[in-house]
Amino acid sequence: MALRSCSTLLRSTFFHQHPQASRTFVSILFPRSTSPTCIHESHKDIHLAPSFSKRSILLTTFLWGQGMLLPNARDALLLAQELELQRYTDSDEGFTLLTPSSWTKVDKAGATVLFQEADMGSNNIGVVVNPVRLKTLEEFGTPQFVADKLLQAERRKESTKEVELITVAERSGEGGLQIYEFEYKVDSTRGGMKRIFSAAFVASKKLYLLNIVHSDKLEIPLDPNKRMILEQVLHSFDAAA
C-alpha cells in the first residue's frame, strides 16, 4: 500500500531534457528491505588549508572523498565560497543544499525547487519532496539494492543506449539522518551522454529526492572543476537543522 501511494504521488517530473530521471529513481525507491551490504565512500565534512588553488582544491576533494581528511566546518565553508556556492534552505519543506551562485532558480511543475545553469537549461539541480508512510530510508532497501534497481530501470527505456554506475554511497546527515547517494552515466537518444548525481533521505515522513543532471558528451566532457562543484552540491543535501 505504501509503495503504491508513494509512487503515485511522484509521477510528475521536472528534469529538462531528461524527463525520466526523477520517475525512474522514484519508481525503484520502494523495494522490500534486504540484508545490509558494504557501501563504499562516506562524505560528511572536509578539512583543508586556508589558501586555495585549483590544484589544492582538487587534491582536497579527492582526499576527502577517500575519507583521509578530518572534519572542519569552517574549512568546508571556505571551500564552498571558493567554488562560488551558496546555501539554499527551504524551511517550510525542511531541507537545505548548496547551489552554484550563477545558476538560476526557476519554476517547474512537479519540482519543489529547480535550479538551471545559465544558457544551458538541460543542466539542472532539482529537489522533489513528497509524503511517505515509512519512517526511514532503510525500509526502502540498501543503497546497493536501490542502485541496482535504478540501473535496471534505466536499461529498460527505449531511449537508453548505455548506462554505467559510477558510485554508491551512504552517509550520515543532520542528527544521524541516513542519506543515500548515487552517481551514474546515461547515454540516450534524448540529449546524448549525461552524468546523474542523486541523493535521497526520509525525514518527518517525507521523501526528499535530489537529482543533478549535467551533460557529459564525448566532445564536451564534464570538466574536473564542474564535477567538483556538483559533488559539493550532492554532499550538501540534508535536512534543515
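**Exercise 1. Find the residue of E9 that is the bridge partner of Lys194, and describe how E8 and E9 pair.**

Solution. Start with Lys194: its bridge partner in E9 is Ser215. E8 covers residues 192–203 and E9 covers 206–215, and they pair in the antiparallel sense over 10 bridges. Two strands count as paired if DSSP finds at least two bridges between them.

A word on the ground rules: residues are numbered from 1 along each chain as its sequence is written. The model is predicted, so local features need pLDDT of at least 70 and side-chain atom pairs count only at pLDDT 80 or more, while totals for chains, interfaces and linings use all residues, and side-chain values use heavy atoms, with hydrogens and water left out.

**Exercise 2. Work out the strand order of the open sheet of 7 strands, and say which strands stand at its edges.**

Solution. Walk across the sheet and you get E3-E4-E5-E9-E8-E7-E6, with antiparallel pairing. At the edges are E3 (104–106) and E6 (160–172); each has a single partner strand, so one side of each is left without a neighbour in the sheet. From one strand to the next, the twist averages 20°. Then look for the helix: H5 (residues 143–155) lies across E6 and E7 (178–188), and runs at about 160° to E6. Such angles run from 0 to 180 degrees between N-to-C directions, with axes fitted to C-alpha atoms, for helices over the stretch in contact.

**Exercise 3. Is Asp119 buried or exposed, and where is Asp119 found?**

Solution. First locate Asp119: the loop between E4 (113–117) and E5 (120–131). Next check its backbone: phi is positive, about 65°, although Asp119 is not a glycine. Most residues other than glycine have a negative phi. Finally, Asp119 is exposed, with a relative accessible area of 82%. The classes are buried under 20%, exposed over 50% and partly exposed in between, using a 1.4 Å probe and protein chains only.

Lys205 sits in the loop between E8 and E9, has a positive phi near 60°, and is partly exposed at 45% relative accessible area.

**Exercise 4. Describe the open sheet that 3 strands form, and the helix that packs on it.**

Solution. The order is E1-E2-E10, with antiparallel pairing. E1 and E10 (238–239) are the edge strands, each pairing on one side only. H6 packs on this sheet, touching E1, E2 and E10, and its direction makes about 170° with that of E2. Contact here means heavy atoms within 4.5 Å. For a closer look at E1 (residues 85–90) and E2 (residues 95–100), count 6 bridges between them; Tyr88 stands opposite Leu97, and Gln86 opposite Thr99.

**Exercise 5. Which residues have the most contacts inside the largest nonpolar core?**

Solution. A nonpolar core is a set of buried Ala, Val, Leu, Ile, Met, Phe, Trp, Tyr and Cys residues joined through side-chain atoms within 4.5 Å. The largest one has 27 residues, and those with the most contacts inside it are Phe95, Leu97, Phe201, Leu210 and Phe237. E1, E2, E4, E5, E8, E9 and H6 each supply at least two residues of this core. Apart from it lies another core, of 12 residues, including Val146 and Phe182.

Notes. Helix = DSSP H or I, 4+ residues; strand = E, 2+ residues; numbered from the N terminus.
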